[in-house]
Amino acid sequence: MNYQRFFEEAIDQVHAERRYRVFADLERIAGSFPSAIWRANGQEQEITVWCSNDYLGMGQHPDVIAAFQETARKMGSGAGGTRNISGTNHPLVELELELADLHGKDAALVFTSGFVSNEASISTIARLLPNCLVLSDELNHASMIEGVRRSGAEKKIFRHNDVAHLESLLQAAGRERAKLIVFESVYSMDGDIAPIDEIVELAEKYNAMTYIDEVHAVGMYGPRGGGITEREGLADRVDIIEGTLAKAFGTLGGYIAGSSAVVDAVRSYAPGFIFTTALPPAIAAAATVSIRHLKQSQVERDGQKRQAERTKDILAAAGLPVMPSATHIVPVLVGDPELCKMATDRLLGVHGIYIQPINYPTVPRGTERLRITPTPFHSDALIETLRDALVETWDALGISYGATGRPAIAKSERIIPLLVPKSGG
C-alpha cells in the first residue's frame with residue numbers, strides 16, 4: 001500500500017478548495033512593534049504586521065520582557081514536568097491567583113494554550129454532569145466544538161446570539177436536567193459580542209451552568225481588563241470564564257476561572273491538564289506582570305480603541321467593504337478564496353503589509369475576508385498607508401467594493417503603485 005498517496009491526496013483536496021495555508025516566516029522586532037522581518041526566497045524585508053493577536057503590544061512591553069528574562073535566569077527555561085510531577089513552579093501559582101482575582105472567582109487553572117483549556121475544561125465539566133445537555137452557539141471556536149464532542153454529552157446548537165432559540169432549547173430540556181451553555185463574548189471573525197446578560201438570565205431561569213470564552217476580550221475590556229463580563233458587571237453571574245494569555249496579555253497559555261469545586265474537578269479529571277508539562281516559569285512570570293499592568297493601566301486600551309475606530313472610519317471612507325464590528329476586530333470582505341489569497345500576497349509583496357487571508361472553514365464560503373487588528377502602535381500614518389495599499393490592491397485585482405462602490409479619491413490621495421520588492425510574494 002502506498003501510504004503517502006493518501007496524505008498527498010488530502011493536501012491536493014485543500015489546494016483544490018483554494019484553502020491551502022502558506023505560513024509567512026516572520027521575525028518580530030522588539031521595540032519596533034508592529035514591524036517585523038519577513039524572510040522569503042533567501043531574502044529579507046521589513047514589513048508591517050496588521051493581523052497580530054498581540055492586541056496591545058504587551059508581548060514587547062519592557063516590564064514583561066524583563067520578568068521573562070529574569071525568571072529564566074533564576075529558574076531555567078522549562079517547567080521540568082507536569083503539574084503533578086515537579087512542574088508546579090511558584091510563578092505559575094502566583095499567576096493562577098492573579099487570574100482568579102482578575103475575574104473575581106475563587107480559583108483559576110492554567111493550561112498550555114487556549115485551545116487546550118477549552119477542549120479539556122468543556123469535555124470534563126460536561127462529562128462529570130449526569131446526563132448533561134450542552135447548548136453551544138453555532139459560531140463557537142473549534143476548541144469549544146472539540147470539547148463538546150469529546151465530552152460525549154448530548155448537544156444542541158443554537159443559532160448565533162439567538163436568545164429566543166436558546167430559550168426554546170432550554171425549555172424543552174426542562175429545569176431538572178443538567179445543562180451547560182457554552183458561548184463566546186467576542187467572536188473574532190465578525191467582531192460581534194454575545195448578549196451575555198440575556199444568556200445569563202436564561203441560565204438562571206432554566207437552572208443551567210454557563211461557560212464563556214473571553215479569549216478575544218481579556219485585557220481588552222473592563223476597567224481592569226477582565227473582559228466583556230467585567231465591563232457589563234456580569235462576571236459573578238457566569239459560572240466559568242475561560243481566557244488566554246496569548247493575545248492581549250502577550251505571552252502564552254490558556255486558563256479557566258470559576259468556583260473552587262469546578263476548578264478542582266477539572267484539575268483532577270482533565271487528561272489535557274494532568275498529562276501535559278506545565279507552563280514554564282518565565283512565561284508564567286511574564287504573564288503575571290502583564291496582567292498586573294493592565295489591571296492598573298487604561299492607556300493601552302484607550303489607544304487601541306482610538307486606532308481601531310480610526311481604521312474603520314478611514315477604510316470605510318475610502319469605500320472599502322468594512323464589515324460591521326462592535327469591537328477591535330476590523331474585517332474587510334473579499335468574498336472569494338482565491339482573490340483573498342491574491343490580495344494578501346499583493347499586500348505583502350508590493351506594499352510590505354502582512355494580513356493573513358481568512359478563508360473557509362474558519363469563515364463560511366463566500367465571506368472570505370481580511371481580518372485587521374489595529375493596536376495602539378499602529379499610527380495614523382500607518383493607517384493611511386494601509387488604506388492606500390488596500391485600495392491599490394482592490395483596483396489591481398478587481399475586487400468588489402460592494403453595492404455602494406468606491407467614492408472618488410482626491411488627487412492628493414491617489415495611489416502611486418509600488419514596484420514588487422526584492423522578495424516578492
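Modeller: I start with Asn-41, which is placed in the loop between strand 2 and strand 3 (43–49). The model is a predicted one, and what follows is computed from it. Asn-41 has a phi near 55°, a positive value in a residue other than glycine. Is Asn-41 buried or exposed? Its relative accessibility is 65%, so Asn-41 counts as exposed, the cut-off for that class being over 50%.

The peptide bond that joins Phe-33 to Pro-34 is cis, with omega about 10°. A cis peptide bond also joins Tyr-360 and Pro-361, where omega is about 10°. Pro-361 sits in the loop between strand 15 (357–358) and strand 16 (369–372).

Positive phi values turn up elsewhere in the chain. Ser-86 is not a glycine, yet its phi is positive at about 70°. Ser-86 belongs to helix 3 (residues 83–87), whereas Asn-41 is in a loop. With a relative accessible area of 59%, Ser-86 is exposed.

Helix 1 (residues 3–16) contains 14 residues, and its first and last C-alpha atoms are 21 Å apart, close to the 20 Å expected at 1.5 Å a residue. At its start, a side-chain oxygen of Asn-2 comes to within 3.3 Å of the backbone nitrogen of Gln-4. Helix 13 (residues 299–317) has 19 residues, which should span 27 Å at 1.5 Å a residue; the end C-alpha atoms are 27 Å apart, so the two values agree. Buried residues of helix 13 include Glu-300, Arg-301, Gln-304, Ala-308, Lys-312 and Leu-315. What do the buried residues of helix 13 pack against? Their partners are helix 12 (281–296), strand 13 (330–333), strand 16 and helix 15 (380–397). Strand 16 is also the strand that ends the loop holding Pro-361.

Ser-185 lies in the loop between strand 7 (179–184) and strand 8 (186–187). Its relative accessible area is 0%, so Ser-185 is buried. The side chain of Ser-185 makes a polar contact with that of Glu-214 at 2.6 Å. Beyond its neighbours within four places in sequence, Ser-185 is in contact with Asp-192, Ile-193, Ala-194, Ile-196, Ile-212, Asp-213, Glu-214, Ala-217 and Ile-228.

The remaining item is a helix pair. Two packed helices are described by the angle between their axes and by the distance between the axes. For helix 5 (residues 114–128) and helix 10 (residues 260–269), the angle is about 105° and the axes are 10 Å apart. That angle makes helix 5 roughly perpendicular to helix 10. Helix 5 contributes Ser-121, Thr-124, Ile-125, Arg-127 and Leu-128 to the contact, and helix 10 contributes Val-262, Ala-265, Val-266 and Tyr-269. By class, the contact residues are six nonpolar, two polar and one charged.

Definitions and conventions. Residues numbered from 1 in each chain as written. Predicted model: local features only at pLDDT ≥ 70, side-chain atom pairs only at ≥ 80, totals over all residues. Heavy atoms only, no water. Helix = DSSP H or I, 4+ residues; strand = E, 2+ residues; numbered from the N terminus. Expected span 1.5 Å × (residues − 1). Polar contact = N/O pair within 3.5 Å; in protein donor to acceptor, adjacent residues only side chain to side chain. Axes fitted to C-alpha atoms, helices over the stretch in contact; angles between N-to-C directions. Parallel < 35°, antiparallel > 145°, perpendicular 65-115°, else oblique. Contact = heavy atoms within 4.5 Å. Nonpolar A, V, L, I, M, F, W, Y, C, P; charged D, E, K, R; others polar. Buried < 20%, exposed > 50% of the residue type's maximum accessible area, 1.4 Å probe, protein only.
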